[in-house]
Amino acid sequence: MKNLLKALVLFASVPVAVAEVRFPVPIPSDAFTSAAADIAAIKAEKASRTAAQQKIDAELVVLIRQQRGEATALAVPVPKEPYVERVVATGRLTVEIRGAISESLTQAIVSHGGVVKAIHEKYGQVIADLPLASLEPLAARGDVEHIHRFVPPSHNAIEGAQDAV
């Protein structure tokens, strides 16, 4: 305990240089204009989505539009994760489809060129490997609630989620 007190007294007596900070920090005048334009572009892009596209994660909608050669808003970022290169090269990715699981849905996945990897009826989840172009027709189905990229669970991972494509 005495050593701790000595250390605290010693630390408290050490001079510390403090940089002067003036508030408010000046913000470039064009920052607000640029941010407002980016937000407007993202809102416009979201408003332009079809009902089926609204059921698909935004990053996948951007990839679908890219694959079709459609322009996307400059403010909408193209995903830069490692799986994107494989999707662009192969045109396929592993997705999680949430909804009412049925034989009809699994047959639709297969008829769109997909491979069903796992079905979890209890959780309303199908994991499937699909062509990117098949996501919209599947999302248009009434029994599909949402489609997003499948990220397998990672136990004790140091660097976040692993990519399953």
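How many helices and how many strands does the chain have? The chain of this predicted model has six helices and four strands, where helices (H or I, at least four residues) and strands (E, at least two) are DSSP runs numbered from the N terminus. The model is a predicted one, in which local features need pLDDT of at least 70 and side-chain atom pairs count only at pLDDT 80 or more, while totals for chains, interfaces and linings use all residues. Residues are numbered from 1 along each chain as its sequence is written, and side-chain values use heavy atoms, with hydrogens and water left out.

**Figure 1. Order of the elements along the chain.** From the N terminus on, the elements follow one another as α-α-α-α-β-α-β-β-α-β. Of the 165 residues in the chain, 30% are buried; buried means under 20% relative accessible area, exposed over 50%, and partly exposed in between, with a 1.4 Å probe and protein chains only. Among the contacts with a separation of 6 or more, 61% come from residues 24 or more positions apart, a contact being heavy atoms within 4.5 Å.

Figure 2. Angles run from 0 to 180 degrees between N-to-C directions, and axes are lines fitted to C-alpha atoms, for helices over the stretch in contact. Strand 1 (92–99) is mostly covered, with six of its eight residues buried.

Figure 3. Strand 1 and strand 3 are joined in the antiparallel sense by seven bridges. In strand 3, I127 is the bridge partner of E96, and Q125 stands opposite R98. Strand 1 and strand 4 also run antiparallel, joined by five bridges, and here I97 stands opposite I147 in strand 4.

**Figure 4. The hairpin of strand 2 and strand 3.** Strand 2 (residues 115–120) and strand 3 (residues 125–131) run antiparallel and are joined by five bridges, with I119 standing opposite V126 in strand 3. Four residues lie between the two strands of this hairpin, and G124 in the turn has a positive phi of about 65 degrees.

Figure 5. Helix 4 (residues 82–90) has Y83, V84 and V87 as buried residues. Seen down the axis of helix 4, the buried residues fall within an arc of 105 degrees, so they line one face of the helix; the arc is that of the directions from the helix axis to the C-beta atoms. An α-helix has 3.6 residues a turn, so residues three or four places apart point the same way. The face turned away from the buried side of helix 4 carries the exposed residues P82, E85, A89 and T90. Packing partners of the buried residues of helix 4 are helix 3 (58–67), strand 1 (92–99) and strand 4 (144–149). Just after helix 4, G91 takes a positive phi of about 75 degrees.

**Figure 6. The contact of helix 3 with helix 4.** These helices pack at an angle of about 35 degrees, with their axes 11 Å apart. The contact is made by E59, L60 and L63 of helix 3 together with Y83, V84 and V87 of helix 4. Its residues divide into five nonpolar, no polar and one charged, where Ala, Val, Leu, Ile, Met, Phe, Trp, Tyr, Cys and Pro count as nonpolar, Asp, Glu, Lys and Arg as charged, and the others, Gly among them, as polar. In helix 3, the buried residues include L60 and L63, and just after helix 3, G69 takes a positive phi of about 80 degrees.

**Figure 7. The surroundings of A139.** A139 lies in helix 6 (residues 135–139) and is buried, with a relative accessible area of 0%. Not counting residues up to four places away in sequence, A139 touches A52, K55, I56, V144 and I147. K55 is 84 residues from A139 along the chain, and their C-alpha atoms are separated by 6.1 Å.

Notes:
Pairing = 2+ DSSP bridges.
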